[in-house]
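Here is a short report for a reader meeting this structure for the first time. Please look over the sequence and the 3D view before reading on.

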Amino acid sequence: MTGRDTVHPARGATTAGSPAPAGDTPGRGGGPGPGPDAVAARPAVAGPAAGAPRPAGGIRFDEVSVAYGGTTVLDRLDLTVEPGEVMALLGPSGSGKTTALRAVAGFVRPAAGRVLIGGEDVTDLPPHRRGIGMVVQSYALFPHLRVEQNVAFGLKAQKAPRREIPGRVAEALEMTGMAGYARRYPRELSGGQQQRVAIARALAIRPRVLLLDEPLSALDAQLRSGMLAELARLHRELPDVSILYVTHDQIEALTLADRIAVMDKARLRDVGTPQELYRRPRTEFTASFVGNANLLPVTVTDGGARLDGTELTLDTGDALPGAAATLCLRPHLVGLGEGPNTLRGRITEVQWRGATHRLYVDVGGAREYGVSHHSPPPRAALRPRARTPPRPPGARAQLPVRAPPPARAPRRPGPPDGRAGCPAGCGRCPRSPPWDWSSSTRWCWWSGSR
């Protein structure tokens with residue numbers, strides 16, 4: 001089994017702070033945290049008028065911490081989302097990503113630090129004064145309002161001029177492909193259509209920041225794939241809107257995000273482009289969470305690394321010879337055969353996954369897995385032809401594939417008296433009678449003759 005990848009020594013987290021239990025929401029038994037009274041007691045800060053043009057977007061977390069009753073759920077988050085950028089907050093449940101989004105929306109009061117939008121400190125502003133649009137995973141549509149009324153709700157709450165509302169509603173529905181459903185109720189729409197309406201409602205107010213809290217988690221796989229393409233198209237049509245996308249699905253993050261912030265246990269672990277985090281992860285957690293990975297303990301050498309006595313030729317970067325490191329092998333870079341960087345092991349399990357097989361191999365006591373060649377079609381002949389000469393191990397072999405036979409038409413019932421032979425005398429009938437016998441006409445279904 002051969003592998004081709006780079007080796008990266010394990011490094012620490014990218015942010016400081018003492019470890020603490022984490023969670024996105026307070027438990028039932030937790031003590032009271034900072035509540036609405038604490039926010040109301042602070043002096044009010046004036047926000048932009050409802051109809052005034054808003055400044056450029058962009059989000060800044062300035063050492064933001066959130067705690068519920070002594071439990072830290074967001075620990076000194078320091079992160080910047082540039083104007084027009086899609087930033088994905090990626091992490092497991094309870095990592096603090098939803099808490100960070102709620103701090104931007106104004107639904108959570110930070111215990112420390114500041115939240116800035118477009119360079120403006122909005123820590124003390126109420127949610128409706130921040131100029132943001134938000135889409136949650138439950139859609140949150142009003143069931144008694146039509147689609148156009150749901151989309152217009154935010155504009156009416158902002159007291160937008162009445163004459164502008166119909167045009168902006170139509171613009172948002174056209175942008176999300178829902179212009180033909182304006183008069184329908186939410187119960188008359190599919191899950192994907194309801195999600196588009198929720199996005200249209202968020203875009204109708206022309207926000208400078210769009211917050212998406214796992215918007216595709218309630219959709220099935222096919223609808224999720226289509227909505228990913230829709231969100232990518234919307235991002236191209238709204239180049240000035242900053243998008244903060246919360247998800248635990250790595251495929252969504254890799255597909256949509258310009259940069260990904262990986263979070264775990266209330267702290268920021270890594271930040272970078274999808275390519276950087278996938279190809280050069282700085283921590284073992286990032287390597288295992290952003291894409292599938294085989295993590296093997298190795299020792300750095302002058303020309304690469306050593307794994308259980310096997311010398312591997314690798315790019316070790318700035319790692320010093322003799323240092324202990326972790327080798328990250330992506331499954332698609334592992335194949336079967338002989339060649340450089342060969343590891344020998346024992347196959348313990350084979351899983352069929354449609355287009356590919358996944359092999360689980362025991363190498364030196366560490367369980368790693370790789371993806372084999374594409375699965376052959378069901379009717380493939382797996383034995384080579386007799387005239388094919390023997391080939392050395394690791395050589396490519398051409399396997400003959402037998403095409404399935406053409407579908408045969410259903411048989412027609414034979415004549416009632418059981419006589420053999422074609423009544424039309426075509427001479428092309430098979431052994432079994434395929435004709436349709438009638439007392440009034442003699443017609444051969446096989447040849448079409450009478």
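## The second largest pocket

Strand S8 gives the largest share of the lining of the second largest pocket, with five residues. Helices and strands here are DSSP runs (H or I, at least four residues, for a helix; E, at least two, for a strand), numbered from the N terminus. S8, H3 and H5 each supply at least two residues of that lining. The lining has 20 residues, and Ile132, Gly133, Met134, Gly154 and Ile205 lie nearest the pocket's centre. By class, the lining residues are 14 nonpolar, five polar and one charged. Nonpolar covers Ala, Val, Leu, Ile, Met, Phe, Trp, Tyr, Cys and Pro; charged covers Asp, Glu, Lys and Arg; the others, Gly among them, are polar.

The space in this second largest pocket is about 570 Å³. A pocket is an open set of points on a 1 Å grid over the protein atoms alone, where a 1.4 Å probe fits, with protein on both sides within 12 Å along at least five of seven lines; lining residues have an atom within 4 Å of a point. Grid points are joined across faces, edges and corners, and the volume is the space filled by probe spheres set on them.

## The model as a whole

This is a predicted model, in which local features need pLDDT of at least 70, side-chain atom pairs count only at pLDDT 80 or more, and totals for chains, interfaces and linings use all residues. Residues are numbered from 1 along each chain as its sequence is written, and side-chain values use heavy atoms, with hydrogens and water left out.

The protein chain holds nine helices and 22 strands. Of its 450 residues, 40% count as buried. Buried means under 20% relative accessible area, exposed over 50%, and partly exposed in between (1.4 Å probe, protein chains only). Among contacts with a separation of 6 or more, 63% join residues 24 or more positions apart. A contact means heavy atoms within 4.5 Å.

## Confidence

The chain averages a pLDDT of 76, and 69% of the residues score at least 70. Over residues 379-391 the pLDDT is below 50, and this stretch has 14 contacts in the model beyond near neighbours in sequence. Residues 393-404 also stay under 50, with 15 contacts beyond four places in sequence. pLDDT is the predictor's confidence in each residue, from 0 to 100.

Helix H5 covers residues 191-204, and 14 residues at 1.5 Å a residue should span 20 Å; its end C-alpha atoms are 20 Å apart, which agrees. The expected span is 1.5 Å times one less than the number of residues. In H5, 12 of the 14 residues are buried, so the helix is largely enclosed by the rest of the structure. Among them are Gln193, Val197, Ile199, Arg201 and Leu203.

What do the buried residues of H5 pack against? They pack against strand S8 (132-136), helix H3 (147-157), helix H4 (165-175), strand S9 (209-213) and helix H6 (221-237). After H5 comes Arg206, with a positive phi near 55°.

The buried residues of H3 include Val147, Asn150, Val151 and Leu155. H3's buried residues pack against H4 and H5. Just after H3, Lys159 has a positive phi of about 60°.

Helix H2 (residues 97-105) is mostly covered, with eight of its nine residues buried. Lys97, Thr98 and Leu101 are among those buried. Gly106 follows H2, and its phi is positive, near 95°.

## Single residues in loops and strands

Most residues other than glycine have a negative phi. Glu63 is not a glycine, yet has a positive phi of about 50°. Glu63 lies in strand S3 (residues 59-68) and is partly exposed, with a relative accessible area of 34%. Ala266 has a positive phi of about 75° and is not a glycine either. Ala266 sits in the loop between strand S11 (259-264) and strand S12 (267-272). Is Ala266 buried or exposed? At 2% relative accessibility, Ala266 counts as buried.

Gly118 is in the loop between strand S6 (112-117) and strand S7 (120-121). Gly118 is partly exposed, at 31% relative accessibility. Gly118 and Gly58 are 60 residues apart along the chain, with C-alpha atoms separated by 4.9 Å.
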